Amino acid sequence: MADPEATQTQPEGDDAPAKAPRSQRTRRIGIVVAAIALTAVATAGITALLANIIERQGEASDSYTKVVDLDDTIADPAVWGQNFPAQYEAFLRTSEMTATVHAGSVQEARTPSETDPRTVISTSRIEEDPRLVTMWDGYPFSVDYRHARGHAYMLEDQRYTLRVQNFKQPGACLNCHASTVTIMDELGNGDRDAGFAAMNKMSYADASQLADHPVSCIDCHDPQTMQLRITRPAFEKGITALKKSEGVEDYDVNRDATRQEMRSYVCAQCHVEYYFEKETKELTFPWTKGLNIDDIWDYYLEDGHKDFTHATTGAEIVKAQHPEFDIWSQGIHADNGVSCTDCHMPYEAEGARKVTNHQIQSPMLNVNASCMTCHHSTEDEMKNRVVKIQDQFIASRDVAFDSLVQLIADLEKAQTDGTPAAAIDAAREFQNKASFYLDYVYSENSYGFHAPAYIERIIADSLDASRKGQLVLKGVDPSTFAPSEISQANKQKIEEREA
């Protein structure tokens, strides 16, 4: 049998190296080629990544492209939009109407007329809930009160509401529904405070002719630096008075407020409780004693302000407005430094830029951006949590509302059945408080969400005032309504803890 080794090729010399098998040489060549290819791909990828990073860094460092010069004479948001197209595009979407479970506007078609050219309006709240007519009987809101639409409609809807067309209103109403910076500056010859005072005194019909736009960029931003700023003298005075009540002297909001505070303050120029001074019609915030509703109520009692005489009962009534900022200030989000814009105008990405969404809408329409940056839950869980709070609010509000309507009916009857005048007068005072406290949370547009526990307490106080008004009409001595010693002690503990 042949020796297998004898058939192998032998080296030609003693020092000749052995050759590797062909399969091994092929494998080594393949590895080298693969390594070269992978290196090329990795190099190309890194190069592309670096180029992308450099490009995005350039985008981030370039806050905006200046196309036009801006100053305090330009109120048209379209002009500002040339420099800030992303923000302007979102601002235009405030015209979009999307209802949530409890809030938002359902629109309906209408036939335009000479006095009202609108072809679409939001649905009527007084038709949905006639109790509002009873609460506001004798006041323009009992004639026309509709669901709020987006910021794009704020001037249009105010101009054509029956509250303006059928009643004489002051120019002060324009403060929260129009871009007023240029109006005030022109009326005051450069003195905005003087222009503010002049606008307040004008009739709404005359002042409205000066307005071309709803609230826009100029009302919240400095045209040179784009920093947030306060342009409404009413808020400047109001926040200064509030800070003074808290022990802070000489507070200047545009000088002293932090950027995060300004992200709520610019909204609070309009979304607040306010009233018009009787003679000057100056828009005034009742904050000299504090932001709590009890502080505001004490302010009104001391000032003697009344908005209207109730047509059914003769009670002098204070009409609440839309105190979103006031109520938000008493809630957990404010306590944790969460601003209005964090939820209603959340940040969004545009390339490498972080841009504030200027659509200004319910957080429930953008839960991921508005809520999920802080809450570790699902979107459905967050929505359900909000709706549950709002459901509870409506249930409690309805109990208080029914009680107020019953008090008004009892007062109407008392004026003809021989009830003593002193009892009627006392019941009217209770009606005023019950109405204001209920109106305060009804006119606030979060449906109980901004400060749930605080709002439930306000509703309880309204219900209590209605109950006491009914008892007075039945002959109960109001002096017996004084809180018990235990209640007074508990209240004192709370006040001491909050001080």
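The C-alpha centres of domain 1 and domain 2 lie 25 Å apart. Domain 1 covers 77–361 and domain 2 covers 382–480; these bounds come from an automatic or database domain assignment. Domain 1 puts 42 residues into the contact, and domain 2 puts in 37 residues. Contact here means heavy atoms within 4.5 Å.

A word on the source. This is a predicted model, where local features need pLDDT of at least 70 and side-chain atom pairs count only at pLDDT 80 or more, while totals for chains, interfaces and linings use all residues. Residues are numbered from 1 along each chain as its sequence is written, and side-chain values use heavy atoms, with hydrogens and water left out.

Now a helix pair. Two packed helices are described by the angle between their axes and the distance between the axes. Helix 11 (residues 233–245) and helix 13 (residues 259–268) have axes that come within 10 Å and cross at roughly 125°. Helices are DSSP runs (H or I, at least four residues), and strands are too (E, at least two), numbered from the N terminus. Axes are lines fitted to C-alpha atoms, for helices over the stretch in contact, and angles run from 0 to 180 degrees between N-to-C directions.

Which residues make the contact? Helix 11 gives Phe-235, Ile-239 and Lys-243; helix 13 gives Glu-261, Tyr-265 and Ala-268.

Last, Val-101. This residue sits in the loop between helix 3 (85–92) and strand 1 (107–109). Buried or exposed? Val-101 is exposed, at 61% relative accessible area; exposed means over 50%, buried under 20%, partly exposed in between (1.4 Å probe, protein chains only). From Val-101 to Ala-172 is 71 residues in sequence and 33 Å in space, C-alpha to C-alpha.
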